[in-house]
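Subject: Structure for you to look at

Hello,

Here is the structure I promised to pass on. Please open it before you read my notes.

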Amino acid sequence: MKTVFDQLQFLSARDGHLYMEGIDLIDLAQQYGTPLYVYSEKRLKENVNEILSSFRAFHPKTSLHYAAKCDATLANLQIINEAGSDIEVNSGGELFKALHAGFQGNQIIFNGVAKTVDEIKLAIDNNIKSINVDSEFELKRIIEVAKYLKKKANVMIRFVPEVSTGVVKGNETGTHESKFGITQDKIIEVYQECLSHENVFNIRGIHFHIGTQTYDLKSFIDAFKVMLKMTIEVYQKTGYKPEMLNIGGGLPVPHLIDITASQYMPENIYAMLRGDLSIQQIAEAVTDEMKSAKVEIWAPEFKDFFNHCELIVEAGRKVVCDAAVLLSTVENRKKREAINENWMMLDAGFNTLLEVKTYSWYYHMLSANKIDEPHIKHYKVGGPCCDSGDVYFDIDEHINLPDYRKLPESTEVGDIIAMLNVGAYGTPTMSNYNGRPKAAIVLIQENGTVSISRNREAYIDLLTNEYALNQLRKDENK
């Protein structure tokens, strides 16, 4: 069986401590405090390269647009750009930050279900690669903004493939039950509307996204088949031929869940967290569907239709997830004698790692300062927030997360717990709940230098953008 160190080779054990890229994580915890996010530049670049090389081996005209919502730390965005990735954004703020990080307009794709007029203006002004149209109303809004600016908007149409992936419902985005995309019965009408405004639009292609952490290869294939057939139908009825086929993201990451979890965890959740599907498997299977020989079987006259198309992948979690570790200190312990339960309270809770609460997401735990000791004792683990839901297990049915975490028997207050695979959705969803300053982020650079990429907040930062009552009353009397 593969160990954590087999799967995350930038981690190692030495003298009882956990190391990352040759750096003692206990030294980092002592120097920068906890909670502390630690990212690896080398791993970020390796992940970008794995995605691009896997897809380009089968379809050379493939581009990666990293999903900025997963982590938009400025230094990390610049590393991802240097590694050869473009970017996908979901708001005007992410677009602004992408531009500030050095991405050019032709590297940026803009998704989202509620784009404002100002956001659309920003996108058109910067001549971004594509605004992915999410509804008929949004199409009309883009027309109005483009006419006002007297500039053309580059667009793709996001449609609903009606493919369910079996993951957590909140993470499925490819069916009519989700809020994303235009249903198939409206697609021809939308393309016709676009084509009737040639002075306003450059229509780049078509897009779908079925959700995160997709574990079943069939889901990718089924959605892509729907896209290919719909693209041909659009051509037959409108004469439009796409430049780009955008298959979204959802590439899975192994979350190091213990194999024994299959005994209590729903099969689909276990498969989602195991994330055993490789990028090469996905790349080979998806690209095979667009090959001339395959298309010729079901649409002979269109066998060479897709050869020229750029294939776009909007991966996010796969790029950053396993490139980071979160360090947290044990701040309290207690024992429920009557039921023989041992509890450990950490200084990182859902204010620092929100998906534990929102999606019952599993993050593997290791004792960073006692890494050589057997992790065999069961502990209930909670965060610091004044909320019963701020725990690392499910508080209701106890089916999606393990009830207990295995840590060394000697675990005590002051120990440092490392949580793995935290690089996606952790940093952007941090909050100041309970008046807790947000965690710092450090980067281990390829040359071994450790640098702060985002400062830890101080108490004074909790007052940012707020005004005291005496200031408000003073303003009233002006």
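Below is what I found, taken element by element.

Note that this is a predicted model.

Look at where strands 5 and 12 meet. Strand 5 and strand 12 (residues 310–313) run parallel and are joined by three bridges. S63 has I312 of strand 12 as its bridge partner.

T62 belongs to strand 5 (residues 62–67). T62 has a relative accessible area of 5%, so it is buried. Which residues is T62 in contact with, leaving aside its neighbours within four places in sequence? They are L52, F55, R56, L311 and V313.

**Helix 8**

Helix 8 spans residues 187–195, and its buried residues include I187, I188, V190, Y191 and C194. These cover an arc of only 160° around the axis, so they sit on the same side of helix 8. Their cover includes helix 7 (136–149), strand 9 (153–158), strand 10 (201–207) and helix 9 (217–238).

**Aromatic pairs**

The whole structure holds eight aromatic pairs. Two of them deserve a look.

One is Y191 with Y240. The ring centres of Y191 and Y240 are 5.4 Å apart and the planes are at 25°, so this pair is stacked. Y191 lies in helix 8, while Y240 lies in the loop between helix 9 and strand 11 (244–246). The pair therefore ties together parts that are 49 residues apart in sequence. Y191 counts as buried, at 1% relative accessibility. Y240 is buried as well, with a relative accessible area of 10%.

The other is Y235 with F305. Here the ring centres of Y235 and F305 are 5.2 Å apart and the planes are at 65°, so the pair is edge-to-face. Y235 is in helix 9, and F305 is in the loop between helix 12 (292–298) and strand 12. Is each of the two partners buried or partly exposed? Y235 is partly exposed, at 32% relative accessible area. F305 is buried, at 5%. Ring pairs also link Y235, F302, F305 and F306 into a cluster.

**Charges over rings**

The charged end of K229 sits over the ring of W298, 5.5 Å from its centre. The charged end of K380 sits over the ring of Y404, 5.1 Å from its centre.

**Strand 19**

Strand 19 covers residues 440–444. Five of its five residues are buried, so strand 19 is largely enclosed by the rest of the structure. A440, V442 and I444 point one way, and I441 and L443 point the other way.

What pairs with strand 19 in the parallel sense? Strand 4 (residues 36–40) does, over five bridges. There, V38 stands opposite V442. Strand 20 (residues 450–454) runs antiparallel to strand 19, and four bridges join them. I441 stands opposite R454 of strand 20. The hairpin of strand 19 and strand 20 has five residues between the strands, and G448 takes a positive phi near 95° in this hairpin.

Best wishes

Methods: Residues numbered from 1 in each chain as written. Predicted model: local features only at pLDDT ≥ 70, side-chain atom pairs only at ≥ 80, totals over all residues. Heavy atoms only, no water. Helix = DSSP H or I, 4+ residues; strand = E, 2+ residues; numbered from the N terminus. Buried < 20%, exposed > 50% of the residue type's maximum accessible area, 1.4 Å probe, protein only. Contact = heavy atoms within 4.5 Å. Arc of directions from axis to C-beta. Pairing = 2+ DSSP bridges. Phe/Tyr/Trp six-rings, centres within 6.5 Å; stacked < 30°, edge-to-face > 60°. Lys NZ or Arg CZ within 6 Å of the ring centre and 35° of its normal.
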